[in-house]
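Welcome, and please open the model in your viewer. We will walk through it one selection at a time.

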Amino acid sequence: MLRLAFRNLFQSKVRLMVSIGGVALALMLILSLDAIFAGSQNQVTAYIDHSGADIFVAQPGVRNMHMTASALPMSVASEVKVVPGVESATPILYLTNMIVVGDERNLAYVIGLPPRPVAGGPWRIVEGKPLPSVGEAVIDRGVAVKSGVGLGGEVEILGEVFTVVGLSEGTTTLLNSVAFISKQDFARLRGEARTVSFVLVTVRPGESPETVAARIETNVNDVTALTRADFAEQERKVVRDMGNDIIAIMNLVGFLIGLAVMALTVYTATLARRAEYGVLKAIGARNGHLYGVVMAQAFISIALGFGLGFAFTELLSLAVPYLNLSLALAISGDSLLKVALVSLVIAGASAILPIRQIAGLDPARVFRGR
Amino acid sequence: MSIALRNLLKDKTRFALSVSGVALAVMLILLLSGFLSGMNTQITAYLNHAPGSVVVAQAGVRNLLGATSLLPAGTDGDVQARGAAKVVPIFSQFIILDLHEKKQPVYLVGYDPKLGGGPWQLAAGREPRRDNEVVFDRVLAERHGIAIGDIIEILDRDFTVVGLSEGTTSWMTSFIFIRKTAAESLLRAPGATSFLLVTPSDRLTAETLRDRLGRLSGTEVLLKHELMANDLKLFARYFSAPLQLMTGIAFLVGALVVGLVIYTATVERQREYGVLKAIGARNRTLYQVVTIQALIASSVGSVLGVGLTFAAAKLIMELRPQFLITMEPAMVVRAILAGLAMALLAALFPARIVAGLAPAEVFRR
């Protein structure tokens, strides 16, 4: 049965290629959209993941960095510092603003760093110094290249001109990059001398961040304290919750397109071999056997299409960083499983029409000509 | 033409499947464009309805959405003195609400109900009178079962929903409105103002006022439509890459589907094409037959795709009202042209078969 399915399928190479290519593209549609959202989820937590902080302390009710603001009284940093288990507490200022160079404008998380911060600074410096003093900025290397500035160049942040003294890496996402200036400049420009946005906490060796976070919430009034893992999960949830509906709609369209392509190719393959199926029926082959051949064709095609679709998406994810798209594609196991299940449904459904065709085939007809 | 039509319609199921394939590909292209167009409408909805024609922001800020703005104290007085008929201050900020275990980004606008800058159409209820009252976007409220009188936690404060606004939703973020004094207290920024929405006096045009205000230190002065264009540009930058990728895939799938059908139909009728060649038909005539088949399949598919898109868009907006899908005639024309381009691409393969066909071959079989 399998041999017959293989031969029937590979008899027309062009049809096979079109069929596999079509299915691969439809599955790629589902896979790549999933990968874009999964990649965005990873990117959005880049600052949190690499901040070096074990705990993030924010304004009560604030559980995110992206698309939000947090304001805490300056005194919170020293209150947090004395909580048992806390090793260091670094207050930072944060908001979203533009890095402007001429007509080039790039959205950025602007981080105001105190002198000698234990956590919250850039984590990979490729050129220059890691910490900005007054009047200086550390920006992402990609943004610097795009804007045509290098070390010693000038950028405008928060309406003021800063000298670029460091270039960082891994600090850009689909939405924005991260820029670092001194907390003193930040506070002056924003008139926020008495507040900080977040306090970044490291815990003493042997202490659990969960326990210390709970302790901070108990000992310090009006704050939300989340471990780095929890805080990052809250960020990923924003992207996930925003993308769910879009992904569902696009998955459905991808599924329908894949179904149409598969149904068409399995149907035309069966149609082209109708006479041979008739002969098989005339010499005693049972319908069940012939259905099996059709199903096997559908499953072989879809398996090849799935493999190719996966390879396409994998290639795309490798190519994207070189295309200057600020996208990052991440193919997750869940997404692969979902697409594999969708593929099985497509294969099963696409075999229905040809099976009906075979069922209604009159064996005597082949001897009468078509 | 009649040969092409007969050849194509010989197998109705195959024809129907190919038309469906093209229709779905065209539908995907159109849905993506309609979605982007709707998103653009939603992104600029607030500014479109906000009072004034000039906007004053913090220096370096040229977007309403995206960048945080904080004006130097006393800017409103300076603006008033330079020829503004009306100055409306707002204090705004993106925040994330946790509603029923879901993260919901909203754009919080703090405004003075006496001056304006709040919701432009209320579906129910009234504007906030106290600092613990909020006007919620109607669609967002419905999605989360929120009604007037309900208490909502925003950051660390409780607010009572007193009104539901219309036209303030989008799939990414919806607008909610509280009093400016409430926003200042909530965001720990007493007296803060993000933007000034300015109406010029009768003697001045918006451009003249913009130029006059341009000399104010620590500020960025833009015409309202410039700010809207900047917001559109900002969001287009995020979405254009994934969107182009999806559209490209849809286009290729459509071309493959039509190509497969025309290829199969041509291979099946190879002998007949050979006979036509043997009796003197030129390659050009046979190319035309193949191309016309491709054009018919893709035209029917494209038209069906356009119809399907309108139905799908209606259904999506019914089920998920936060999505706005708007169709413009130019988009429909572009999608149909994409369908025709699919046909021309699809006709390449079968045309090669026909071209390579030896007339004598048919007599040897």
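Start by selecting A:Arg190, A:Gly191, B:Leu70, B:Leu71 and B:Ala192: among the 28 residues that line the second largest pocket, these lie nearest its centre. A pocket here is an open set of points on a 1 Å grid over the protein atoms alone, where a 1.4 Å probe fits, with protein on both sides within 12 Å along at least five of seven lines; lining residues have an atom within 4 Å of a point.

Before moving on, a word on conventions. This is a predicted model, in which local features need pLDDT of at least 70 and side-chain atom pairs count only at pLDDT 80 or more, while totals for chains, interfaces and linings use all residues. Residues are numbered from 1 along each chain as its sequence is written, chains are lettered from A and ligands numbered from 1 in the order in which they are written, and side-chain values use heavy atoms, leaving out hydrogens and water.

Next, colour helix H4 (75–81) of chain B and H6 of chain A, which each supply at least two residues of this lining. Helices (H or I, at least four residues) and strands (E, at least two) are DSSP runs, numbered from the N terminus. The space in the pocket is about 590 Å³, a volume filled by probe spheres set on grid points joined across faces, edges and corners.

Now show both chains. How many residues does each chain bring to the contact? Chain A brings 67 and chain B 62, with contact meaning heavy atoms within 4.5 Å. About 5,600 Å² is buried between chain A and chain B, 71% of it from carbon and sulfur atoms; buried area is the accessible area (1.4 Å probe) that two parts lose on being put together, summed over both.

For a close-up, select A:Arg63 and B:Asp98, whose side chains meet in a salt bridge at 3.4 Å, N to O. The term means a side-chain nitrogen of Lys or Arg within 4 Å of a carboxyl oxygen of Asp or Glu. B:Asp98 sits in strand S2 (residues 84–99) of chain B and A:Arg63 in the loop between strand S1 (55–58) and strand S2 (72–73) of chain A, so the pair joins two chains.
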